[in-house]
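Hello,

Please find the structure below. My notes on it follow.

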Amino acid sequence: MSIADANTTFETAASPRKSLSGEVIAFLIAVVLLALWGLSIFTFGIPGLYIPAVAAVPVVYLLLLVITRG
């Protein structure tokens, strides 16, 4: 067996990297946003609790409109 044969065997034996599904990415984004919101509450107290929620109202409203339009 030559060095070239060993290299080709090694390259074909390596498993391809798995890509993350959309559900996993959405879950990770949700976890990161909740962690940032928790950090905001820890840092700023009560305003850190309600200001991000108030800022999210237009986004959620538009999301609901998009969902209902189909």
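Helices (H or I, at least four residues) and strands (E, at least two) are DSSP runs, numbered from the N terminus. This is a predicted model, in which local features need pLDDT of at least 70, side-chain atom pairs count only at pLDDT 80 or more, and totals for chains, interfaces and linings use all residues. Residues are numbered from 1 along each chain as its sequence is written, and side-chain values use heavy atoms, with hydrogens and water left out.

H3 gives the largest share of that lining, 6 residues. The lining consists of Ala30, Leu33, Leu34, Leu36, Trp37, Pro52, Ala53, Ala56, Val59, Val60 and Leu63. By type, the lining residues are 11 nonpolar, no polar and no charged (Ala, Val, Leu, Ile, Met, Phe, Trp, Tyr, Cys and Pro count as nonpolar, Asp, Glu, Lys and Arg as charged, and the others, Gly among them, as polar). A pocket here is an open set of points on a 1 Å grid over the protein atoms alone, where a 1.4 Å probe fits, with protein on both sides within 12 Å along at least five of seven lines; lining residues have an atom within 4 Å of a point.

Phenylalanine 27 sits in helix H2 (residues 22–44). Why does phenylalanine 27 count as exposed? Its relative accessibility is 55%, so phenylalanine 27 counts as exposed (buried means under 20% relative accessible area, exposed over 50%, partly exposed in between, with a 1.4 Å probe and protein chains only).

As for the protein chain, its secondary structure comes to 3 helices and 0 strands, in the pattern α-α-α along the sequence. Of its 70 residues, 3% are buried.

Regards
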